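Opening the notebook on a new model today.

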Amino acid sequence: MAVFVYAENINGVYKKAAFEAVSYAKAVADKAGDTVTAISVNPTDSSDLLYRYGASNVINIKDEGLKNFSAKAYAQAVNEVADGNIIVFPHTTDASSIAPMLAVMKNYSLITNALEAPESLSPFQVKRKAFSGKGFMHAKAEGTGVIVTVSQNAFGVKENAASGSEEVKNLSVANEDTKVISHEQSSGKLDLKEAEIVVSAGRGMKGPENWGMIEDLANVLGAATACSKPVSDIGWRPHTEHVGQTGKAIAPNLYIAVGISGAIQHLAGVNSSKTIVVINNDAEAPFFKSADYGVVGDAFQIIPALTEKIKAIRG
């Protein structure tokens with residue numbers, strides 16, 4: 001029961017999502033009594049980074065035609081080298097668009113947003129997020145093979161060093177359909193979907209000129225910054241920071257929401273957070289119903305005081 005994993009890289013560099021996917025694949029392989037083969041496209045990082053989390057084999061696809069991302073072309077490339085009946089992907093934007101195309105090519109079952117190691121392998125059954133993260137289900141794959149995407153920050157990154165070998169596979173996949181219109185990079189220092197702590201704010205901040213206090217708090221916590229949809233719509237913050245049903249879905253260990261009312265569309269993107277802290281001057285804000293901790297008060301007094309307190313504690 002060969003286990004493969006797609007180790008996504010961004011401009012050749014492996015991110016946390018790749019290490020989490022390899023960690024997950026290693027847990028599956030241990031259950032199956034097999035090894036993990038990782039696949040990456042045009043990486044520049046060392047394969048040693050993947051061996052550290054359990055990959056015994058790494059296949060590096062080299063293809064100049066895949067410098068621009070195309071889900072179809074990447075799926076074709078992975079299809080050429082992945083001959084296992086369990087293939088793991090991170091649930092990132094790019095990887096989760098490759099996975100269903102590969103499932104069609106191989107006629108495999110597809111399970112998305114897996115949260116835990118599988119409960120069984122024959123049939124493959126695993127707990128996953130459902131209904132925009134508002135519920136859970138135990139999905140069962142009945143096909144000859146299964147492709148599973150792992151929800152970010154759910155399984156975790158687990159070091160499990162293996163002695164590994166590397167193979168370079170030179171391909172030439174047709175990729176004429178891809179046109180790069182624009183690629184908006186996040187302004188933050190941390191990848192929002194991979195961050196373990198996120199400080200987010202809404203229209204309660206009254207204007208973009210007040211975001212300095214949010215960034216200060218994020219800096220002392222080592223956190224990423226985010227915002228609600230109305231804030232990105234009116235241009236106070238970049239769209240790359242928008243979290244919610246129509247933005248990014250995140251699952252940090254700690255989510256701090258400042259001046260956000262907590263509409264259902266926003267909750268859909270953040271309700272997988274391990275701990276939610278809400279700061280709002282409206283005691284009736286709906287977000288308090290979903291919060292683990294709530295503070296009713298003026299954010300313009302609370303946030304600077306909180307930031308200074310954390311600085312003092314950390315010396």
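Predicted model: local features only at pLDDT ≥ 70, side-chain atom pairs only at ≥ 80, totals over all residues.

My entries follow, roughly in the order I looked things up.

Entry 1: I started with an open sheet of five strands, and I read its order as S14-S13-S15-S16-S17, with parallel pairing. Which strands stand at the edges? They are S14 (224–227) and S17 (293–296); each has a single partner strand, so one side of each has no neighbour in the sheet. I get an average twist of 15° from one strand to the next.

Entry 2: I zoomed in on S16 (residues 275–280), which runs parallel to S17 and is joined to it by four bridges. Ile279 sits opposite Val295 of S17.

**Entry 3: helices on that sheet.** I then checked what packs against the strands. H5 (residues 212–221) touches S13 (197–201), S14 and S15 (254–258). Its direction makes about 175° with that of S13. H8 (residues 299–313) also packs on the sheet, where it touches S15, S16 and S17. For H8 the angle to the direction of S16 is about 130°.

**Entry 4: strand S6.** Next I looked at S6 (residues 86–90). Is it buried or exposed? Five of its five residues are buried, so the rest of the structure largely encloses it.

S1 (residues 3–6) pairs with S6 in the parallel sense over three bridges, and Phe4 has Ile87 as its bridge partner.

**Entry 5: cores.** How many residues does the largest nonpolar core have? I get 32, and the residues with the most contacts inside it are Val5, Tyr24, Leu50, Ile86, Val88 and Phe124. Helix H1 (residues 16–32) gives this core its largest share, eight residues. A second, separate core has 25 residues, among them Ala73, Ala82, Ala95 and Ile98.

**Entry 6: rings.** My search of the whole structure turned up six aromatic pairs. Tyr14, Phe19 and Tyr53 are linked into a cluster by ring pairs. I noted two lysines over rings as well: Lys127 lies over the face of Phe136, 4.5 Å from the ring centre, and Lys158 lies over that of Phe155, at 4.1 Å.

Key. Residues numbered from 1 in each chain as written. Heavy atoms only, no water. Pairing = 2+ DSSP bridges. Helix = DSSP H or I, 4+ residues; strand = E, 2+ residues; numbered from the N terminus. Axes fitted to C-alpha atoms, helices over the stretch in contact; angles between N-to-C directions. Contact = heavy atoms within 4.5 Å. Core = buried A, V, L, I, M, F, W, Y, C linked by side-chain atoms within 4.5 Å. Buried < 20%, exposed > 50% of the residue type's maximum accessible area, 1.4 Å probe, protein only. Phe/Tyr/Trp six-rings, centres within 6.5 Å; stacked < 30°, edge-to-face > 60°. Lys NZ or Arg CZ within 6 Å of the ring centre and 35° of its normal.
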